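Please examine the sequence and the structure shown below.

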Amino acid sequence: MPAEIIDLSDAPFIGKGAHKKVFQDPRNPGRCIKVPFSLPDTDIERELAYRECPLLRSAKGNRSASMLPQYFGTCRTSLGTGYVFELIRDYDGRISRTLQELLEEAEKDPKKRPSVRETLRLFKRQYFSECIVTSNVEPVNFLVQRVSPDRTSVRIIDNIGSPGLIPLAYYFHCCAALRARRHWRRLLEEISEHFPEMEAAGF
């Protein structure tokens, strides 16, 4: 029996990236459906390949990949093949905001800068602990999830995996750690253009 086709015409629209549109899953408010509109979508192919890599699938890797949203497989939709992921929400049910949004707010309102600095400290510790492989570190690809009124966790929602032909970071933790440190420096350079104190604060 053919799988049902999920009608996304009335599904809440969450956002649009360079290759995909994202909708709330009409069957489950805790999930979202990513639908590529330009094929082939190398981003999603790269991410799915990374989720199957030896390092991430190891017992240790499975315990230390909390930054990645859960993946629930594919589905048929009215717009084509969809990929079902965990929809990152805050403790109060709101969809989590991007790091980019928080940085833009803090740039306009200096009173919000201390909370952004604390978020970045937690992010750095979490990122270096898990060493999730990403193809870039644009702030728009990170969500800051408020898991309680006074605690946050950063989640990675896009550009996951490596474009390299032989990604050693998929097999060796030391390579993944080196890549994480290199990408963190790139992120810090971008942030420091607008927040010079971040670099001075020892990030």
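The model discussed here is a predicted one. Together with Leu-165, Ile-166, Leu-168 and Tyr-171, Phe-172 makes a nonpolar surface patch of about 620 Å².

Helix H6 itself comprises residues 173-192, and Arg-182 is located in this helix. Is Arg-182 buried, partly exposed or exposed? Its relative accessibility is 34%, so Arg-182 counts as partly exposed. Arg-182 is also one of the residues of a positive surface patch, which is formed with Arg-181, Arg-185 and Arg-186.

Attention may now turn to the sheet. In general, the strands of a sheet pair through backbone hydrogen bonds, and the pairing is either parallel or antiparallel. In this model, 6 strands form an open sheet with mixed pairing, in the order S1-S5-S6-S4-S3-S2. Strand S1 (5-6) and strand S2 (13-16) stand at the edges; each has a single partner strand, so one side of each is left without a neighbour in the sheet.

Within this order, strand S4 (residues 31-36) and strand S6 (residues 80-86) run antiparallel and are joined by 4 bridges. Which residue of S6 is the bridge partner of Arg-31? The partner is Glu-86.

Terms used. Residues numbered from 1 in each chain as written. Predicted model: local features only at pLDDT ≥ 70, side-chain atom pairs only at ≥ 80, totals over all residues. Heavy atoms only, no water. Patch = residues over 30% accessible without salt bridge, like charges linked within 9 Å, V, L, I, M, F, W, Y side chains within 5 Å. Areas by Shrake-Rupley, 256 points an atom, 1.4 Å probe, with all protein chains shown as cover. Salt bridge = Lys/Arg side-chain N within 4 Å of Asp/Glu carboxyl O. Lys, Arg positive; Asp, Glu negative; His and termini not counted. Charge placed at Lys NZ, Arg CZ, Asp CG, Glu CD. Helix = DSSP H or I, 4+ residues; strand = E, 2+ residues; numbered from the N terminus. Buried < 20%, exposed > 50% of the residue type's maximum accessible area, 1.4 Å probe, protein only. Pairing = 2+ DSSP bridges.
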